[in-house]
Amino acid sequence: MLATLNCLSENLNKGFDWTFAALENLREVVRAENPWPYQKVMAAKLFDSTATMQEAIELCAKDPGFNSPSLIADAEEHWDVFLQNRESWKALNRRDVMYCVMLRTMLESWAGASVEQTLRVLIEFCLSSFEVLPLKELYFGWKAAQGFAFPESRLKIFDEPALKSPKEKSIKRIGALSWDFFFFRWCETLLSEFKKESFFVPAVTSFDQGLLDAIEACPLRAVLINDKAQLIEAIFDDEYDFQLCMNKAITPSLHKIIMDPVRRSKKPNISRYKLSFEINRLESAIRALIKA
């Protein structure tokens with residue numbers, strides 16, 4: 001970690017965007033008696049405010065509890081801004097859709113469903129529960145299902161016991177996996193920061209080798225940006241294979257729902273209640289498998 005922070009300091013002049021890390025900790029902030037998200041922000045503020053890493057280390061040694069009134073005030077202001085920002089909670093909703101899809105994918109794959117069957121179930125699930133067809137989430141569900149059907153093609157990020165079969169740590173690991181895949185959605189958000197011919201290319205720094213393996217295993221072919229519709233979509237190298245499988249998975253009845261003009265005219269507005277309900281239901285199904 002120290003080597004990474006030194007690299008950020010020396011090569012990027014500390015130009016690090018902490019937003020994704022803040023989103024990962026957002027729910028922790030509202031938990032009572034939990035000072036750690038505040039201390040994480042204080043550490044980041046301290047890192048940003050010092051000229052060198054050595055100076056930051058020396059300051060931490062003098063005040064290991066981060067009791068500086070100015071740092072505490074900065075951390076509280078930081079979290080107040082995030083907690084009141086509707087876009088922050090919308091981002092969490094999008095991550096939770098990814099989580100729902102990954103939970104359902106694992107349940108289907110553990111039950112021995114084929115790739116096409118799993119994708120069909122995921123499409124039905126998203127349309128019936130959320131009235132949306134989230135292509136990026138379905139793509140990663142397809143990648144996971146492929147790994148079960150063809151183990152030689154399994155991404156390294158799926159190659160751990162808690163993801164191959166129901167285990168005590170499965171729910172926690174699926175949650176972590178969902179954050180990794182949501183990072184792709186977050187990069188799409190960053191790509192939309194500018195308009196027309198200009199766009200922002202995000203740089204990725206991670207301590208998670210599995211995430212870096214996933215990024216390498218899903219190379220981008222193109223990025224489609226529609227400023228008028230306010231939509232952006234990253235297209236991966238194997239998008240054609242994904243689309244072929246999805247076309248086979250879509251039944252005539254599903255096609256009718258997908259093409260319904262009333263549904264398509266609605267702006268996606270996923271219910272927080274439905275997300276919470278589905279997450280609870282899917283996690284309960286996995287816990288039942290673990291106990292069985």
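View 1. R287 is partly exposed, with a relative accessible area of 39%, whereas E283 is buried, at 15%; buried means under 20% relative accessible area, exposed over 50%, and partly exposed in between, with a 1.4 Å probe and protein chains only. Residues are numbered from 1 along each chain as its sequence is written, and side-chain values use heavy atoms, with hydrogens and water left out. Because the model is predicted, local features need pLDDT of at least 70 and side-chain atom pairs count only at pLDDT 80 or more, while totals for chains, interfaces and linings use all residues.

**View 2. The salt bridge between R27 and D96.** A search of the whole structure finds 17 salt bridges, and one of them joins the side chains of R27 and D96 at 2.5 Å, N to O. R27 lies in helix 2 (residues 19-29) and D96 in helix 6 (residues 86-110), so the pair ties together parts that are 69 residues apart in sequence. R27 is partly exposed, with a relative accessible area of 32%, while D96 is buried, with a value of 1%.

**View 3. The salt bridge between R185 and E137.** The closest N and O atoms of R185 and E137 are 3.0 Å apart, and both residues are buried. The pair links R185 in helix 10 (residues 170-191) with E137 in helix 8 (residues 135-149), and therefore ties together parts that are 48 residues apart in sequence.

**View 4. The largest nonpolar core.** A nonpolar core is a set of buried Ala, Val, Leu, Ile, Met, Phe, Trp, Tyr and Cys residues joined through side-chain atoms within 4.5 Å. The largest one has 49 residues, of which M102, I123, F158 and F181 touch the most other members. Two or more residues each come from helix 6, helix 7 (115-130), helix 8, helix 10, helix 12 (239-249), helix 13 (252-258) and helix 15, and the largest share, ten residues, is given by helix 6. Leaving aside residues up to four places away in sequence, I123 touches L133, L138, M246, A249, I250, L254 and I258, where contact means heavy atoms within 4.5 Å. A second, separate core of 19 residues includes F20, V29, M42 and F183.

**View 5. A nonpolar surface patch made by L220, V223 and I225.** These three residues make a patch of about 230 Å²; patches consist of residues with over 30% relative accessible area and no salt bridge, with like charges joined within 9 Å and nonpolar side chains (Val, Leu, Ile, Met, Phe, Trp, Tyr) within 5 Å. Accessible areas come from the Shrake-Rupley method with a 1.4 Å probe, and for residues only the protein chains shown count as cover. I225 is placed in strand 1 (residues 220-226) and is partly exposed, with a relative accessible area of 38%.

Key:
A salt bridge is a side-chain nitrogen of Lys or Arg within 4 Å of a carboxyl oxygen of Asp or Glu. Helices (H or I, at least four residues) and strands (E, at least two) are DSSP runs, numbered from the N terminus.
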